[in-house]
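Subject: Structure for you to look at, with notes

Dear colleague,

Please find below the structure I promised to hand over, followed by my notes on what was found in it. I would be grateful if you read the notes with the structure open beside them.

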Amino acid sequence: MKTTAIKKVSFYFILFSFVFLTSCTFNTKENDNQNKTATKTLKYGSQYSGKRGDKEMQKFRANRFGQFIHWGLYSIPAGEWKGKIYSGAAEWLPKMTNISRSEWDSLIYKFNPVKFNAKEWAAMAKKMGVKYVTITTKHHEGFCLWKSDYTDFDIETAPYKGDLIKEFVDAYTAEGLDVYFYYSILDWHHPDWRYDIKSKNDSIAFERYYQFAKNQLLELQRKFPEVKGFWFDGTWDQSWKKNGRYSYEIEMALKKANPGVIVNSRLRADDLGSRHFDSNGELMGDYQSGYERFLPEKKDTSVVKMDWEACMTIPVNQWGYHKDWTLSHVKSPNEIIEMLVKTVSLGGNFLLNFGPKSDGTFRDEEKVIAHEIGNWMDKNGYVIYNGDYAGLKNQDWGYYIKNTFNNSVYGVIVNKPIANQMRVELPKNKKLEGAVLEGKQLPIHFHDRLGYFVVLPEENFISPVVIKLEIADKKSKHNPEHI
Ligand code: FHN
């Protein structure tokens, strides 16, 4: 009798523990799929763990700085409809107004960027110091900037007589810049697009849409073999999340056609609808692309384990051309440079957005910003390309960047300390042998408790300043730190 009672208690204890542990695991995973607390069998989850090591991905990583281009019909109204200016993102104008689909679509007959000069664009990008570009081949409105065999809602129907994406790819490639294609899965124009799947008919229509998108993507890859990767967007709706298979199959199809092709995490949803990271916490796609208009915190070193890219607007939230930039804060070149530096210091890529006008030219503000950043990159770009996380303790003056090509470590000063001293704390087995600013050694003071203090020049810095830190292994037995 007693034994049976003990057995019963043990059984319920084990059962309770199991249920408790399982529910904890489930909750943790629900809150944060990046925590690998359980393994679920997934057909459409991540394909591999860790960072891709092939040469294409190494190049993507080494590039670090890219230009994003949002260009489409939305550049024509440029945030204004029937005399009213809308402060939201210009490319979302059809959703902010009561413009009918056909009225919006008829903008195609006005898309004639006669001043578009792909070579000038590519030269401006090159001068700004970017190493790659990502252009919207199709944004949410559905208009295709290339000549697509699968729709008439493309550049061939517009009055523009050139082969826009071809001119673009040729010009950027000639400048040695890698080209990536943005493609919106969400499509406001296509009749088979669905926000959710609520019926058999929705499923049938959405399957047709999936085939259309897949055909277009393979077409882009076939027509533009130079393209290095695809940047997917518009994948947040239930219809897509309920069809993880589609996102998996698209990635596989692109990789079958070109094994080195690079795909962002935004494309993907797994069997359970988890996006970017699968339900086991593994990244899907080749790099994390969730940082949009914000960056990870300086102390958030979780990102250094993966490849990632942040995309950034110059105003607060304008991607396509908006005629009025006075409606929100516009970032200064120094703000943007600091963001670029911060991103690289955490092992990420930085994609800076430009929204050309409908005539094919860039607004003056963007030209000035490109020019100023270019001046800085001209002098300091060596710290950005091949830059990575240095693994040193954060300091208030700015960011450390390690160059993976020559193993040098740099400090980039964005907040010059009022005492003109740059504190450097190193691991116990390392010492600071030199600190070089523009070829000149700076004095260094050592404090046995606080580390090193590099003495900075008195004058004000007008933009972020790079200091090369000569760090060596400590071999001496008579180490002043050993007290
Ligand atoms: O809705 C779009 C937006 O217009 C823009 O393209 C950005 C770029 O990352 N993506 C979407 C919002 O996440």
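Two strands are said to pair here if DSSP finds at least two bridges between them. Please also keep in mind throughout that this is a predicted model.

In that sense, strand β1 (residues 65-69) pairs with β10 in the parallel sense over five bridges, and within this pairing Phe 68 has Asn 353 of β10 as its bridge partner. Strand β9 (residues 308-312) likewise pairs with β10 in the parallel sense, over five bridges, and here the bridge partner of Trp 308 in β10 is Gly 348.

Why is strand β10 largely enclosed by the rest of the structure? Buried means under 20% relative accessible area, and seven of the seven residues of β10 (residues 348-354) are buried, so the strand is largely enclosed.

As for the protein as a whole, the secondary structure comes to eleven helices and 19 strands, and the C-alpha trace spans about 90 × 80 × 40 Å along its principal axes. Of the 483 residues, 52% count as buried. Among contacts between residues at least 6 apart in sequence, 71% join residues at least 24 apart.

The ligand is surrounded by 13 residues, of which the closest are His 70, Glu 91, His 140, Asp 233 and Glu 292. An N or O atom in the side chain of His 70 is 2.6 Å from an oxygen atom of the ligand, and for the side chain of Glu 91 the distance from an N or O atom to a ligand oxygen is 2.6 Å. In the case of Glu 292, a polar side-chain atom lies 2.8 Å from an oxygen atom of the ligand.

Ser 289 is found in strand β8 (residues 288-292). Ser 289 counts as buried because its relative accessible area is 1%, and, if residues up to four places away in sequence are not counted, it touches Asn 264, Ser 265, Arg 266, His 276 and Glu 309.

Another residue that I followed in some detail is Asp 178, which has its place in strand β5 (residues 178-184). Is Asp 178 buried or exposed? At 8% relative accessibility, Asp 178 counts as buried. The side chain of Asp 178 makes a polar contact with the side chain of Lys 59 at 2.8 Å, although Asp 178 and Lys 59 are 119 residues apart in sequence, and their C-alpha atoms are 9.3 Å apart in space. A polar contact also links the side chain of Asp 178 to the side chain of Asn 63, at 3.1 Å. Leaving aside neighbours within four places in sequence, the residues in contact with Asp 178 include Lys 131, Tyr 132, Val 133 and Lys 228.

Strands β17 (residues 444-447) and β18 (residues 451-455) pair in the antiparallel sense over four bridges. A hairpin joins β17 to β18 through three residues, and His 447 stands opposite Gly 451 in β18.

Finally, a word on confidence. The protein averages a pLDDT of 92, and 90% of the residues score at least 70. Over residues 9-32, however, pLDDT stays under 50, and the model has eleven contacts beyond four places in sequence for this stretch. The pLDDT is also below 50 over residues 477-483, a stretch with eleven contacts in the model beyond near neighbours in sequence.

With best wishes

Conventions:
Residues numbered from 1 in each chain as written. Heavy atoms only, no water. Helix = DSSP H or I, 4+ residues; strand = E, 2+ residues; numbered from the N terminus. Buried < 20%, exposed > 50% of the residue type's maximum accessible area, 1.4 Å probe, protein only. Contact = heavy atoms within 4.5 Å. Polar contact = N/O pair within 3.5 Å; in protein donor to acceptor, adjacent residues only side chain to side chain. pLDDT = per-residue confidence, 0-100. Near = heavy atom within 4 Å.
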